[in-house]
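Please open the structure in a viewer and keep the sequence at hand.

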Amino acid sequence: MFYDLLEVPDGYETELVLVIAPYFDPKFIKELVKKLAPNQIRLIIDDGVRQEDVDNINKACGKKADVKIGLASAKGLVHIKMFYLEFAKSEGRRQRKRRFLFGSANATEAAFGENRNSELLAEVDLSAGQDSDVLDYINSTLATLEGKQDKVEGIYGPLRNSPILHLPDFRVSAPGHPASGFDVWLQRGVLAAKYHDAQQFLMASITLNKRLPQDLIAKMFTNHGLIEQGERNIVRFAYMGDIAAEPLEDATPQWKARYCVWTHLGDWVSDDCYRKLGYTMKSKAAPLREAKINELLANMEEQAWKDYRKSIFLESLNGVWNDLLSEKVPPNDYLRGSESFINHSFYSKQFDNKLEKDILLAQTEDFYSRYIKGYDFPDVPRFRQDTAAWQNFALSWCSSILVESRKVGSRSLLAKKIRETISKVDGEDAFDEISPEDILKWLKKSWAIDVTKDNEEMTVGDIVAAYYI
């Protein structure tokens, strides 16, 4: 355990602790305070940290020490991991000891704890005389927390002593190997998100001269396919059919109910499941979307087809114009034109420009696929080093598993598989009083447990990961 490095030398007390890292968690801070009992605690965190995390870290420092916390900024992430410990005694030789730890470990339980990450740390004692450059750097850093300066200048150079290296153990496997643990498996997943960038595709937008009132006038526009969307001074016309009225789309497609798990970041699906069954993961309106975009591409050089689509658009505008006139509402209050005639030239050019943009977009391979499917599948963000954020994500996942496992008629294959597996290993009643926290702890602890079935070597992880089969 790297916590063993946080020891106070015999006869000394801890005068100062300075920690610089991009990620902290309260559990690490509490352990640091418990082991070192420092008089002064100085912490510097990358400025991307959330305020509530700063508050929790500050609280974890307790009330006995003098605490100052600063936020560091750089062009990218302030990624340095540095731990400086200064010990003092009142009499005898070597009244100060300065210990310097550096490497890959963040200020987190995941880096320092018993079941820790594989991290590298180097440990060295600093000499006041021969390591003055490093100590000047540390003092400069401390000065920023006192408001005496706002920038720390980098240095380079040798240390007087060779550091002691603490090198980790780890396993290596070929790409494609099953996940070594629950966290790795969860991290490898993807998120199923509706593809919202397609909302303006095959739609001609018209900016009105003024906002539509919510009365008969707005209904006139709607009756001619000019639908108000978003801001009240903009209407949109679906020139290849009313996309908003597609009857095949529902809120929860069957594949999502079967293979996905809701989390606060979105609907999660395992990497293996997505690779094997991703071709099924699409909107129910995918056939209609595919027909529309293929029709557009098939006619991209056909002027007669383009003119026909434009004529439908202009006829809708004419219909609104005439309806407004019949109700003695000046049409040019809303649409471009004179008192008597709509400006066909303006709207014709506007339509031509939008149609050409859509044709170019439709020829983009990535857009073509996403538009038809109606979904995008970004990777789960790589934030396992942010212990608190990762714990919240994993717990939201486990909460959904628990809800689905107790829901009558649930279609979630993963919730069913986890319930079956826990019951098989721990007994039929194991799920009766279980909590999301219990599920998370169990999956982390039991992932590698052998549950060989029918003479086939299998672990809990093997069974859970194959939930979609």
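Is Glu404 buried, partly exposed or exposed? The model is a predicted one, and in it Glu404 counts as partly exposed, because its relative accessibility is 24%. Buried would require under 20%, and exposed over 50%.

**First stop: salt bridges**

Side chains of opposite charge can pair when their charged atoms come close. The structure holds 22 salt bridges, and two further pairs deserve a visit.

Select Glu86 and Arg96 next. They form a salt bridge whose closest N and O atoms are 2.7 Å apart. Glu86 belongs to strand β4 (residues 82-88) and Arg96 to strand β5 (residues 96-103), so this pair ties together parts that are ten residues apart in sequence. Glu86 counts as buried because its relative accessibility is 14%, while Arg96, at 36%, counts as partly exposed.

Now select Lys310 and Asp352. Their side chains meet in a salt bridge at 3.2 Å, N to O. Here the link is between helices: Asp352 lies in α11 (residues 344-362) and Lys310 in α10 (residues 303-326), so the pair ties together parts that are 42 residues apart in sequence. Lys310 is buried, at 14% relative accessibility; Asp352 is partly exposed, with a relative accessible area of 31%.

**Second stop: two helices with a buried face**

Move to helix α1, residues 26-36, and colour Phe28, Ile29, Leu32 and Leu36, which are its buried residues. Turn the view to look down the axis of α1: the buried residues fall within an arc of 100°, so they line one face of the helix. An α-helix has 3.6 residues a turn, so residues three or four places apart point the same way. Then colour Lys27, Lys30 and Lys34: these exposed residues are on the face of α1 turned away from its buried side.

Which residues are buried in helix α6? Select residues 216-223 to display α6; its buried residues are Ile217, Ala218, Met220 and Phe221. Seen down the axis of α6, they fall within an arc of 155°, and therefore line one face of the helix. Lys219 and Asn223 are exposed on the other side of α6.

Show the surface and select Leu120, Leu165 and Leu167. Together these residues make a nonpolar surface patch of about 290 Å². Leu165 is found in strand β7, residues 164-166. Its relative accessible area is 51%, so Leu165 is exposed.

Finally, select Glu428, Asp429, Asp432 and Glu433. What kind of surface patch do Glu428, Asp429, Asp432 and Glu433 form? The patch formed by these four residues is negative. Asp429 is placed in the loop between α14 (413-426) and α15 (436-446). Asp429 counts as exposed because its relative accessibility is 53%.

Conventions:
Residues numbered from 1 in each chain as written. Predicted model: local features only at pLDDT ≥ 70, side-chain atom pairs only at ≥ 80, totals over all residues. Heavy atoms only, no water. Patch = residues over 30% accessible without salt bridge, like charges linked within 9 Å, V, L, I, M, F, W, Y side chains within 5 Å. Areas by Shrake-Rupley, 256 points an atom, 1.4 Å probe, with all protein chains shown as cover. Lys, Arg positive; Asp, Glu negative; His and termini not counted. Charge placed at Lys NZ, Arg CZ, Asp CG, Glu CD. Helix = DSSP H or I, 4+ residues; strand = E, 2+ residues; numbered from the N terminus. Buried < 20%, exposed > 50% of the residue type's maximum accessible area, 1.4 Å probe, protein only. Arc of directions from axis to C-beta.
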